[in-house]
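Subject: A structure for you to explore

Hello,

Here is the structure I promised to pass on. Please open it beside this email and find each residue as you read.

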Amino acid sequence: MSARVEHLVTSGTFSLDGQTFDVDNNVWIVGDDRECVVLDAPHDVDAIAAAVGDRTLLAVVATHAHDDHVRQAPALAQRLSAPGHPVPVLLHPADREVWELTNPGVATSDLHHGEVVTVAGTELHVLHTPGHTPGSVCLYAPTLATVFTGDTLFAGGPGATGRSYSDFGTIVASIRDVLLELPAETRVLTGHGGDTTIGDEAPHLQEWIDRGH
């Protein structure tokens, strides 16, 4: 029996380069009645912990290290750790510098392209998709026909690349060479806003390149 996907929205702020914005963030929980992983822990640790409930939390996975995705990751991991079984926060090492802006000195465990996070018998394949940040990753679950894209790909185009640590050409390459190679029917569950599919987004690649964002 494969895992299921649960969805929570939490609200707070995103700050970078001296600017702060109000944001709503998607939190995705993948698992079953016994165990789960949390993809991004942004604003409300109490709400996320309540959604996990009495299940075993295997890991907090960061799609990238912007503060509106990881602000509560250390607190959530600490709260739901069991004696002798700490919950790891998994982060691509290329985002360590960004992580330090929000959680200086807090340890993480490395997450690399090609690794597999297994929860409730379901494999989440790690895809390194830099551009929004250097260490942005997506998590692809073939048996769920779903990819969790963080802020790399949204309904309507790539994530923002106008701030520090980001690059438009890099995010386009990640989307073109990694995400658009997934099956067209794959659901895209994003870091903010509504979902889409790979097939719905693929025809618009050249439009995004032409507009430059």
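Let's begin at Val 60, which touches Val 38, Ala 41, Ala 73, Leu 76, Ala 77, Val 87, Pro 88, Val 89 and Leu 90, leaving aside residues up to four places away in sequence. Contact here means heavy atoms within 4.5 Å. Before going on, please note that this is a predicted model, in which local features need pLDDT of at least 70, side-chain atom pairs count only at pLDDT 80 or more, and totals for chains, interfaces and linings use all residues. Residues are numbered from 1 along each chain as its sequence is written, and side-chain values use heavy atoms, with hydrogens and water left out.

**The cores**

Val 60 is also among the residues with the most contacts inside the largest nonpolar core, which has 23 residues; Trp 99 is another of them. A nonpolar core is a set of buried Ala, Val, Leu, Ile, Met, Phe, Trp, Tyr and Cys residues joined through side-chain atoms within 4.5 Å. Buried means under 20% relative accessible area, exposed means over 50%, and partly exposed is in between (1.4 Å probe, protein chains only). Which element gives the most to this core? It is α1, with 4 residues. Helices (H or I, at least four residues) and strands (E, at least two) are DSSP runs, numbered from the N terminus. Apart from this core lies another, of 20 residues, including Leu 111, Ala 120 and Phe 148.

**Some loop residues**

Ala 120 sits in the loop between β7 (116-119) and β8 (122-128). Its phi is near 50°, a positive value in a residue other than glycine. Is Ala 120 buried or exposed? It is buried, with a relative accessible area of 5%.

Tyr 165 also has a positive phi, of about 75°, although it is not a glycine. You will find Tyr 165 in the loop between β12 (157-158) and α5 (168-177), and at 29% relative accessibility it counts as partly exposed.

Thr 186 is in the loop between α5 and β13 (187-190). It is buried, with a relative accessible area of 1%. Its contacts include Tyr 140, Val 147 and Ile 198.

**The helix α5**

In α5, Phe 168, Ile 171, Val 172, Ser 174 and Ile 175 are buried. Seen down the helix axis, these residues fall within an arc of 160°, so they line one face of α5. The arc is that of the directions from the helix axis to the C-beta atoms. β11 (153-154), β12 and α7 (205-211) are among what covers them.

On a 1 Å grid over the protein atoms alone, a cavity is a set of points where a 1.4 Å probe fits but cannot get out, while a pocket is an open set with protein on both sides within 12 Å along at least five of seven lines; lining residues have an atom within 4 Å of a point. Grid points are joined across faces, edges and corners, and a volume is the space filled by probe spheres set on the points.

The largest pocket has a volume of about 160 Å³. Among the residues lining this pocket are Asp 68, Asp 151 and His 192. How many cavities of 30 Å³ or more does a search of the whole structure find? It finds 1. The largest cavity has a volume of about 40 Å³, and its lining includes Leu 16, Gly 162 and Ser 166.

Enjoy exploring!
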